[in-house]
Amino acid sequence: CYTTDTKSREENKKTIESLHRLSVDIKKIRRLKEWVLLQDVAYVKEIAGILQEMGADETTVANILERCPEAILHTPAEINSQRALWQLVCQNEKQLIKLIEQFPESFFTTEYHENQKANILFFQELGLKNNIITRFLTSAPSIFYNPVEKNKNLIETLQRNYLNLGGSDANMKIWILKLLSQNPFILLNTSTVIQENLEFLQKNDFTDHEVLQLLSKLKGFIFQLTPTTMQKSMHFSQNVFKCSDQELKQLVLKCPALLYYSVPVLEERLEGLLKEGISVSQIRETPMVLELTTQIVEYRIKKLSALGYDIKSGTLESLNGTKKDFEVNYGKIQSKKERPIFNPVAPVNIED
């Protein structure tokens, strides 16, 4: 533990000098994490040496220490252990130093070293590729802080539910790996949350097959919801679209966003569409449009209107999809508009 009481403490001159020699911006550290400069013991030269051994040049070392100055408070032994650990999933030290420069906080969190190691080995046994595990280490490091038993229990809960819902043994491993790759934060949940959310869907008459379908479509984000929030979102959609329970279920299967987004988000997006002159019946026909933010919808409508495409009288399909999907649709409408109205290969009428 490091003290953050800065009132009566003085900066460590030796630390300042060592950082200065490495061309580190001291003012930046003072502004962001001055408490690091007040510690009695720091390993500036040693940590810089380890980074240089891995292939970091002077600029890279300075950049890493400016972004994560607390790195200098770790012992060389701790950092070398962390280096060996990350090398289990990195192709080479060149890739490792690149990751440290991009995500220094993730690398220099050494307090959970044993948990990190056990979880890396568990993920490798599970069949996750090393490039996926490195993505987890940098973008979702907190899942490695869990004891490995917790992560194992959660994976077992997911596997058990997958089989109970009618999934096959043959596909289970692929399903689990895909789910984890899409959303590693599933592992921050508890088995109880997973169970409650699946039971909520079953109580709302979704068949086992449909629940599996929703799990895949929602990429595991369903486990970050609660039965209460899902109930509120479904109730809101039912009121807006004035539909029966069965019709609502079909809408949710078509557009899981109706289950995932909170009422305020759905309300804002609906209002944005209505403001553009789009009717509720059009939205009900193509509910996936609610997956888009109001800003994206406005931008796409503006682009289509410039081509003379009237969204109010047409289908909303042209608004849908990813940026790439939209550009393809837009290109088709544009080329249709620019196409000549006469047939260039038709015989010419002499009187014309």
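The second largest pocket of this predicted model has a volume of about 200 Å³. A pocket here is an open set of points on a 1 Å grid over the protein atoms alone where a 1.4 Å probe fits, with protein on both sides within 12 Å along at least five of seven lines, and lining residues have an atom within 4 Å of a point. Volume is the space filled by probe spheres set on the points, which are joined across faces, edges and corners. Residues are numbered from 1 along each chain as its sequence is written; local features need pLDDT of at least 70 and side-chain atom pairs pLDDT 80 or more, whereas totals for chains, interfaces and linings use all residues. Side-chain values use heavy atoms, with hydrogens and water left out.

Helices H1 (13-21) and H3 (44-53) each supply at least two lining residues of the second largest pocket, and H1 gives the most, with four; helices are DSSP runs (H or I, at least four residues) numbered from the N terminus. This lining includes Lys 14, Arg 21, Asp 40 and Glu 46. By class, four of its residues are nonpolar, three polar and five charged.

The largest pocket, of about 230 Å³, is lined by residues including Lys 217, Phe 221, Tyr 260 and Glu 291. Its lining has six nonpolar, three charged and no polar residues.

The largest nonpolar core has 106 residues, a core being buried (under 20% relative accessible area, 1.4 Å probe, protein chains only) Ala, Val, Leu, Ile, Met, Phe, Trp, Tyr and Cys residues joined through side-chain atoms within 4.5 Å. Helix H11 (residues 169-182) gives the most to this core, with six residues.

Methods
Buried means under 20% relative accessible area, exposed over 50%, partly exposed in between (1.4 Å probe, protein chains only). Ala, Val, Leu, Ile, Met, Phe, Trp, Tyr, Cys and Pro count as nonpolar, Asp, Glu, Lys and Arg as charged, and the others, Gly among them, as polar.
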